[in-house]
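This briefing goes through one structure by topic, starting with the terms and conventions and then turning to the sheet, the nonpolar cores, the aromatic residues and the backbone.

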Amino acid sequence: MTREYLRKASASILAGMLICDSCGAVVAGSLAGSEGDKRFPPYIPRNPKDPCNRAYKAYLAASGHSAYATTPYARIMSSYIICGGHLNAPSQKVAEELAMKSCLATRAHYKVTTGGACEIAASK
């Protein structure tokens with residue numbers, strides 16, 4: 001009788017542990033489709049072939065820690081929108097650092113001085 005009781009008790013405990021384990025898996029799910037921490041609304045060009053448009057869509061679709069950096073949008077026609085991003089980094093902080101590095105490298109490559117400083121627009 002004691003052995004049967006222990007068997008049922010251990011089965012109940014294991015079932016409870018399995019339920020708790022599956023709850024944790026749902027919380028730590030994929031980040032794909034999430035906008036994450038949006039610091040300011042980034043300007044997304046209307047042209048679907050624009051590199052910044054594609055970079056932002058890739059950021060949204062990324063399943064891991066990612067970040068999108070861009071220059072703030074100004075309504076001045078001579079300003080340029082420069083962007084950079086990093087997808088599926090080990091952590092959100094690393095993704096932000098690498099996205100900033102990418103944006104700054106793009107600014108340096110094109111030698112743009114009127115577009116404003118790079119800032120993290122969104123990260124997850």
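Helices (H or I, at least four residues) and strands (E, at least two) are taken here as DSSP runs and are numbered from the N terminus. The model is a predicted one, in which local features need pLDDT of at least 70 and side-chain atom pairs count only at pLDDT 80 or more, while totals for chains, interfaces and linings use all residues. Residues are numbered from 1 along each chain as its sequence is written, and side-chain values use heavy atoms, with hydrogens and water left out.

**The sheet**

- Four strands make up an open sheet in the order β1-β4-β2-β3, with antiparallel pairing, where two strands are said to pair if DSSP finds at least two bridges between them.
- At the edges stand β1 (37-38) and β3 (83-89), each of which pairs on one side only.
- β2 and β4 (residues 119-123) are joined by four bridges and pair in the antiparallel sense; along this pairing A69 is opposite I120 in β4, and A67 has S123 as its bridge partner in β4.
- β1 and β4 run antiparallel and are joined by two bridges, and here D37 stands opposite S123 in β4.
- Four of the five residues of β4 are buried, so that the strand is mostly covered; buried means under 20% relative accessible area, exposed means over 50%, and partly exposed lies in between (1.4 Å probe, protein chains only).

**Nonpolar cores**

- The largest nonpolar core has 10 residues, namely A67, A69, I82, A89, A95, A99, C103, V112, C118 and I120; such a core is a set of buried Ala, Val, Leu, Ile, Met, Phe, Trp, Tyr and Cys residues joined through side-chain atoms within 4.5 Å.
- Two or more residues of this core are given by each of β2 and α3 (92-110), and the largest share, three residues, comes from α3.
- Another core, of eight residues, lies apart from the largest one and includes F40, Y59, C83 and A122.
- In soluble globular proteins, nonpolar side chains tend to be buried together.

**Surroundings of I82 and T70**

- I82, setting aside its neighbours within four places in sequence, is in contact with C52, A69, T70, T71, C103, T106, R107 and V112, contact meaning heavy atoms within 4.5 Å.
- T70 is located in strand β2 and is buried, with a relative accessible area of 1%.
- A polar atom of the T70 side chain lies 3.0 Å from the backbone oxygen of I82.
- With neighbours within four places in sequence again left aside, the residues in contact with T70 are F40, P42, I81, I82, C83, C103, A117, C118, E119 and A121.

**Aromatic residues**

- Two aromatic pairs are found when the whole structure is searched; rings of Phe, Tyr and Trp (its six-membered ring) pair if their centres lie within 6.5 Å, and planes under 30 degrees apart count as stacked, over 60 as edge-to-face and the rest as tilted.
- The pair of Y56 and Y59 is tilted, because the ring centres are 5.8 Å apart and the planes are at 35°.
- Y56 and Y59 are three residues apart in helix α2 (residues 51-61), which means that about one helical turn separates them.
- Y56 also forms an edge-to-face pair with Y68, at 5.1 Å centre to centre and with 75° between the planes.
- Since Y56 lies in helix α2 and Y68 in strand β2 (residues 65-70), this pair ties together parts that are 12 residues apart in sequence.
- Y56, Y59 and Y68 form one aromatic cluster; Y56 is buried at a relative accessible area of 7%, Y59 is buried at 0%, and Y68 is buried at 0%.
- The charged end of K124 sits over the ring of Y59, 5.0 Å from its centre, a description used if NZ of Lys or CZ of Arg is within 6 Å of the ring centre and within 35 degrees of the ring normal.

**Positive phi values**

- N88, a residue other than glycine, has a positive phi near 55°; N88 is placed in strand β3 and is partly exposed, with a relative accessible area of 45%.
- K111, which is not a glycine, has a positive phi of about 55°; K111 is in the loop between α3 and β4 and is exposed, with a relative accessible area of 70%.

Methods:
Polar contact = N/O pair within 3.5 Å; in protein donor to acceptor, adjacent residues only side chain to side chain.
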